[in-house]
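Dear colleague,

Please find below the structure that I am handing over to you, together with its sequence.

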Amino acid sequence: MKRIFKSFIVVAATVILAACASTPANPFVGMWELSINTPVGAMGATLDVSADMMGTMSSAELGATELQGITVTDNAVSFNVVVDAQGQTLALSFAGTVDGDMLTGNFDSDFGAIPVTGTRQ
């Protein structure tokens, strides 16, 4: 009986480890340093995205705000964020791709596309 129980534990542990190993890592999780090419010049920002698909964007100019509706499909990433830009509330939608430690894409805004590049820290 002990032998059967030990065998069961070994098989269960093997199955769990195999399942963990076969789950691909989410390419968007991590800390990102961004360069946002705004109509008034380049602005730096930081994205912090956790494995539970929660995140924040922060910058000296805009403060910190929560990312909304984060989706990742393969290497395609999208999310929404609402920022206070000098007293004006802007709703921005990001769409881009992750390639290793590089992030590229655009914020879609009322003013058109705003190019974004980023590097994982």
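I begin with a residue in one of the strands. Ser59 is in contact with Met43, Gly44 and Ala45, leaving aside its neighbours within four places in sequence; contact means heavy atoms within 4.5 Å. Ser59 itself belongs to strand β3, which covers residues 55-59. Helices (H or I, at least four residues) and strands (E, at least two) are DSSP runs, numbered from the N terminus. With a relative accessible area of 12%, Ser59 is buried. Buried means under 20% relative accessible area, exposed over 50%, and partly exposed in between, with a 1.4 Å probe and protein chains only.

Please note that this is a predicted model, in which local features need pLDDT of at least 70 and side-chain atom pairs count only at pLDDT 80 or more, while totals for chains, interfaces and linings use all residues. Residues are numbered from 1 along each chain as its sequence is written, and side-chain values use heavy atoms, with hydrogens and water left out.

**The whole protein**

The protein has 1 helix and 9 strands, and from the N terminus on its elements run α-β-β-β-β-β-β-β-β-β. Of its 121 residues, 28% count as buried. The protein exposes about 7700 Å², of which carbon and sulfur atoms supply 60%; these areas come from the Shrake-Rupley method with a 1.4 Å probe, and for residues only the protein chains shown count as cover.

**The core**

In soluble globular proteins, nonpolar side chains tend to be buried together. Here the largest nonpolar core has 23 residues, and those with the most contacts inside it are Phe28, Leu47, Phe79 and Phe107. Such a core is a set of buried Ala, Val, Leu, Ile, Met, Phe, Trp, Tyr and Cys residues joined through side-chain atoms within 4.5 Å. Leu47 touches, among others, Phe28, Trp32, Leu67, Phe79 and Leu103, not counting residues up to four places away in sequence.

β8 pairs with β7 in the antiparallel sense over 7 bridges; two strands pair if DSSP finds at least two bridges between them. Phe94 stands opposite Phe107 in β8. In the hairpin of β7 and β8, which has 2 residues between the strands, Gly100 takes a positive phi near 65°. β8 and β9 also run antiparallel, joined by 8 bridges, and a hairpin connects them through 2 residues. The bridge partner of Leu103 in β9 is Gly118.

**Two further residues**

Thr38, in strand β1, is buried, with a relative accessible area of 16%. Its side chain reaches the backbone oxygen of Gly41 at 2.4 Å. Not counting residues up to four places away in sequence, Thr38 touches Met43 and Ile114.

Leaving aside its neighbours within four places in sequence, Met53 is in contact with Asn26, Val29, Ile70 and Val72.

Yours sincerely

Terms used:
Polar contact = N/O pair within 3.5 Å; in protein donor to acceptor, adjacent residues only side chain to side chain.
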